[in-house]
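Reader: I would like to learn how to read a few features of a structure. Please take them one at a time.

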Amino acid sequence: MTLTPKFYKHKKVLVVDDCDPVRASIKSMLQKIGFEHIATVSDANAAIANCTEVEYDFILSDFSLGEGKDGYQLFEALRHLSLLKSSCCYLIISAESQRQIVHGVVELQPDSYLLKPFTFIQLEKRLLRALQIKTSLAKAYDEIHQGLFVEAANSCETVIKSDPDFAIFAVRLKGELLLQMEHFQAAEQLYGHILTRRDYAWARLGQAIARFCQQRWLEAEFELRELSRMDETKVEALDWLARLFIKRQLLKDAYETLSEVTKLSPKNYQRQKALANLAEINGLKEDTVKVYARLLNAARYSIYDTPDNFLNYVRAIIEQAKDVNKLEQARLLKKADEILGNIGKRFSLETYIHEELAVRARINILKGNIDEARDLLVKSDAAEGSRTLSVEACLDKAKAYFEAGNLSRSDEYMEKLSEVVNHEDLLANTLTVLIQHEHKQHDNLREEIKTLNNDGLDAYQNGYFGRALEFFNKAFDYMPYNPSLALNLLQTISKIGGVNKDSARLARRCVVILEQSELSDANQRRFQAVMKELSSLLQLA
């Protein structure tokens with residue numbers, strides 16, 4: 001089938017390329033094909049502006065567009081902004097022979113790829129083929145655009161039965177729709193039927209995904225490992241293999257697998273974010289920082305360019321700063337302050353101030369500025385209001401309050417975490433595991449502190465003050481700004497019978513914390529009584 005120039009005469013086409021001669025060359029080719037309505041722009045922002053005014057039938061975009069969004073990010077943005085009609089054919093032009101970004105058709109997949117250099121004949125053939133596929137499945141694509149997946153699957157079945165030239169494309173699309181609708185057995189049967197006729201790699205992948213979704217782990221793992229050795233399916237097979245390891249709680253294997261796939265597909269934001277979560281779950285603090293640094297760059301110019309990327313990067317740095325010496329800690333915290341300072345240059349303060357205040361509170365806690373940290377948390381609560389927090393923001397507040405010594409407020413935010421994630425994809429899977437991991441750590445630490453405190457109270461009541469001091473000190477190491485623990489420690493030091501330099505230093509630290517904390521009337525009286533006993537001893541020490 002060929003189309004006459006008359007067909008293309010009334011079709012609108014947009015060419016996006018940052019090179020003037022290339023734009024001119026493509027325009028000349030398009031004119032030769034028969035296009036008359038041809039617009040050319042040099043960057044993604046101009047393309048988006050054009051698409052707000054004109055509904056294009058074809059968009060040809062170079063993958064590399066210099067500074068700013070690349071061709072794939074442009075496609076992502078146009079889809080996100082609903083600026084592409086369902087019948088539009090989107091082609092990405094690239095000098096790279098390897099496709100680094102793989103998505104399902106239902107999710108986000110350009111209609112075709114065209115490798116440079118190409119001729120007028122190759123361009124015409126690629127446009128025609130993309131148009132033929134789009135036309136044959138026009139009804140299904142339009143229904144997908146409206147979210148009518150059942151109807152789209154039925155339209156695919158109609159094409160399968162009536163149009164043998166494009167039946168295979170309809171089968172592939174129907175398979176993905178069945179998976180999208182969670183009709184996993186039907187999807188497996190469809191892919192199995194196709195594989196009896198021909199060994200398509202994409203059909204084997206679909207079959208493996210259907211088995212995964214039915215929790216048939218061993219069958220799915222075997223097939224995914226085989227598919228991960230094939231260039232055509234490597235990225236998606238590794239992606240699903242990582243999900244399988246997460247489901248089976250093989251979290252180190254999941255991290256290593258996802259590390260491999262993010263190297264192959266570095267532009268996929270959701271996958272990079274999932275990798276950061278897995279690094280955190282596995283306690284790889286330095287790796288977590290590195291992933292968030294990459295994520296910050298990867299998100300720039302994409303639809304995921306938000307303050308969260310800066311804040312998550314800083315949160316990872318704060319966790320890393322807990323485990324280093326004071327000199328390195330000061331360097332890291334300085335870097336964190338610089339990153340926070342850059343957010344305001346790009347985003348409105350109103351959108352993230354409640355989260356930034358909590359992050360700054362945690363930085364001040366590490367610096368020992370507990371008064372300032374608590375004041376920042378009060379301001380953060382006021383700015384937060386009734387906002388729904390992300391998993392990271394909710395977890396951040398829980399950690400901030402724990403580090404500030406407020407266990408009850410920390411518990412409140414930990415309880416909120418379970419309400420946040422309700423999706424079933426790779427990123428949501430890692431967020432779910434991260435929440436479970438943090439809950440377990442929080443509960444274990446809370447129980448450990450409670451046990452140490454109770455053991456300390458028992459020892460104190462039985463007159464074993466040296467033993468009590470050991471228990472309280474261990475609990476205090478876990479929660480160094482908790483006023484109850486500080487008061488227990490201070491009272492125990494007062495009963496030991498003598499104060500050396502180390503115990504005096506500890507006592508003075510407890511005094512500072514208690515003076516900065518809001519105490520109940522009973523604890524205030526207890527504090528004053530203990531200070532009467534200790535004041536002379538501390539002066540001597």
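Reader: What volume does the second largest pocket have?

Author: This is a predicted model, in which local features need pLDDT of at least 70, side-chain atom pairs count only at pLDDT 80 or more, and totals for chains, interfaces and linings use all residues. Residues are numbered from 1 along each chain as its sequence is written, and side-chain values use heavy atoms, with hydrogens and water left out. Rolling a probe the size of a water molecule over the atoms shows where empty space is left. On a 1 Å grid over the protein atoms alone, a pocket is an open set of points where a 1.4 Å probe fits, with protein on both sides within 12 Å along at least five of seven lines. A volume is the space filled by probe spheres set on the points, which are joined across faces, edges and corners. Here the second largest pocket has about 1100 Å³.

Reader: Which residues are closest to its centre?

Author: Lining residues have an atom within 4 Å of a point. There are 40 of them, and Glu319, Lys322, Arg362, Lys399 and Glu403 are the closest to the centre.

Reader: Which helix gives the most to the lining of the second largest pocket?

Author: Helices are DSSP runs (H or I, at least four residues), numbered from the N terminus. Helix H21 (residues 391–403) gives the most, with 7 residues.

Reader: How many helices are there in the protein chain?

Author: The chain has 27 helices, along with 5 strands (E, at least two residues). Along its principal axes, the C-alpha trace spans about 100 × 50 × 35 Å.
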